[in-house]
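Take a look at it first, then read on.

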Amino acid sequence: MSNIWIKKPLSAYEADMKKSQLKRVLGKWSLTAIGVGAIIGGGIFVLTGTGAYYHAGPALAISFIVAGIACVFAALCYAEFASIIPVEGSAYAYAYGTVGEIFAWAMGWCLILEYAMASMAVSVSWSGYFNKFLKIFGVHLPAWLTSDPSSYVGEGFSMNLPAFIIVLLITALLVKGTKEAAGANNLIVIMKTSAVIFVIIAGAYIVFTNTDLYTSVDGVKNWKPFIPAEALVKNPEGDMVSAYGIKGIISGAAAIFFAYIGFDAVSTQAGEAINPKKDVPFAIITSLLICTALYICVSLVLTGMMHYTDFNPEGKFPEAIKAPVAYAFEIAGYHWASNIVTIAATVGLISVIMVMMMGQSRIFIGMSKDGLIPKFLGELHPKTKTPAKGIILLGVVVAFVAAFTPISTLADMTSFGTLFAFTLVCIAVWVMRKKEPNLERTFKVPAYKVVVALGVFINLYLILNLSAHALELSAGWLVLGVLVYMFYGRKNSHLNNPHKNTEN
C-alpha cells in the first residue's frame, strides 16, 4: 500500500536542479518585477471599488493593511523555503519535502485553483478597462460581446469576448519563452507602477486642493466617518449582507486578498532564477512591501475623491465599480487623468494575467515531474524550453471560463485558494524547523513560532470571512482534489511507485 505521507528527500531536489532544462535568466530585480507585476493590478484598479462599497468604506485602507500583515507572515515563510528548496513548484515543492505527499497534493491542488481563478478574474477585469479604453476613441462594443451570461440584461447568447481573446494572446507569448515574457513584463511593470504613482500624487492633489472634498476644519469630507456604522447592502448575487464597521474591515481584507498573490508567484520561478537562494527571498519580500504601500495610498486617495456609496452599481454612477480609479478621476472632472489611468490599467493588467499563467504552468512542471499529474502538462518544448502543452491547455480553459463567469465568483475562489495555501506554508515551516533544525538556510524566519502562529490564525480567520458561496465552491474543489489524488496521483506517484519512474 502506498504511503500518502512519504516525503521527497532534499537530495532529490538537488538532482532536479542539476538536470533542469529551464533557462536561468532571471536576476533579483527581474524576479521583483514579476512579483510587482502580479500584485499591482486587480487590487488597485478593480477591487478598490467593490471593497469600499460592499465591505469597508473609507476604512478599505485598513483592510489592505490587515491583508498585508497576513501576507507578511506567509511571505517570510515562503522566503525561508525558497532559500532551502529553490525549484519550480512553489509551496507544493516545499510541502513535499517537509510534511508529505498528501499535504503536498493539497497544496498543489489549491495553487491550481489560486492561479487559474486569478488569471480568469483579472482577464475579466481587463475586459472592463479595455471597453472603457475603446470608448475614448468612440468605439462601443455590443453588450452581448462584453458580458458573461449572468450579468447580461438582454436575451440570447452573450460572452466576454475581450477576456477570451487576451488570454489566448498571452498564452501564445508564454509558449514562446520565459525571457521574452519576462522582458515584456518588465516594460509593463515600469509603465504600470508609474501610473500608480501618478494616481497617488494626482489624486492627493485633487483631494487636498478641492474645497468640495477637503476643508482645513473637517479634513477630507468623504472620509467622514472613516469607519462607517454597520449597514446592509445588496451584494452582486442580490442578497442583503452586512457591511462596514470592524466586521466590514475584516471581510474587506478577505475579499481583496487575491490582489496580494503576486509575491508567491516569484517562488514558482525559482527554477529560472540565476541565484535562487538569495534572489527569490529578496524579491518575495521587496515586491510585497512595495505593493502594500501603494495599495494603502491608492485606497486613501480613491475614497477621498469619491464617496464610497457612489460605487453602488445601482446608483448614480453604475459603471464606477467596474473601473473605480478611472471613474473617480472622471467624476472629479479630470477626464485626461481618467484616460491615463484607463490606458495604464488596460496595459498593466496584461502583466498580471501573464505572471499568473506563468506561475500556474510551473506548478504543472513540479507536480508532473513527481508523477502526480499527467506528464505532458510539464513537458518542455525542445526549442523554447517552456511547458508548451500545459500552457496551451491552461490558456484554453482560462479563456473559456473567463468568457462565461462573473468576476465576483472568480475572485472569492481565488482568495480561498491563496489563504489555504498560505496557511499550509506557515505550518510547513514549523514542521521543518522541528524535524530539520540544522538544515542550511540562507534566510530564516525571525521569531518563527510567533510568525507561524499568527500566520495560521489570521489566514484561517480570513477564510471564515469569505462569502458562503465561495466556501461551498472551494469545498467542492477540495473534494474533487481528494478523488483525483486517490484515483490517479497516488497510483502514479514516483516516490510511491519507483518502478514506474524511468527518469529519477
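What follows covers a pair of helices, a glycine and a few backbone details.

## Ground rules

This is a predicted model, where local features need pLDDT of at least 70, side-chain atom pairs count only at pLDDT 80 or more, and totals for chains, interfaces and linings use all residues. Residues are numbered from 1 along each chain as its sequence is written, and side-chain values use heavy atoms, with hydrogens and water left out.

Helix 5 (residues 60–84) packs with helix 17 (residues 448–464) at about 130°, and their axes are 9 Å apart. Helices here are DSSP runs of H or I, at least four residues, and strands are runs of E, at least two.

Who touches whom? On helix 5 the contact uses I69, A70, F73, L76 and C77, and on helix 17 it uses V451, V452, L454, G455, I458, N459 and L462 (contact means heavy atoms within 4.5 Å).

## A glycine in helix 18

G481 sits in helix 18 (residues 468–492). At 1% relative accessibility, G481 counts as buried (under 20% relative accessible area; exposed is over 50%, with a 1.4 Å probe and protein chains only). Setting aside neighbours within four places in sequence, G481 contacts W105 and W109.

## Backbone details

K224 and P225 are joined by a cis peptide bond, with omega about -10°. P225 is in the loop between strand 2 (219–220) and strand 3 (231–234).

Y244 isn't a glycine, but has a positive phi near 70°, and at 4% relative accessibility Y244 counts as buried. A447, also not a glycine, has a positive phi of about 45°, and at 55% relative accessibility A447 counts as exposed.

Notes. Axes fitted to C-alpha atoms, helices over the stretch in contact; angles between N-to-C directions.
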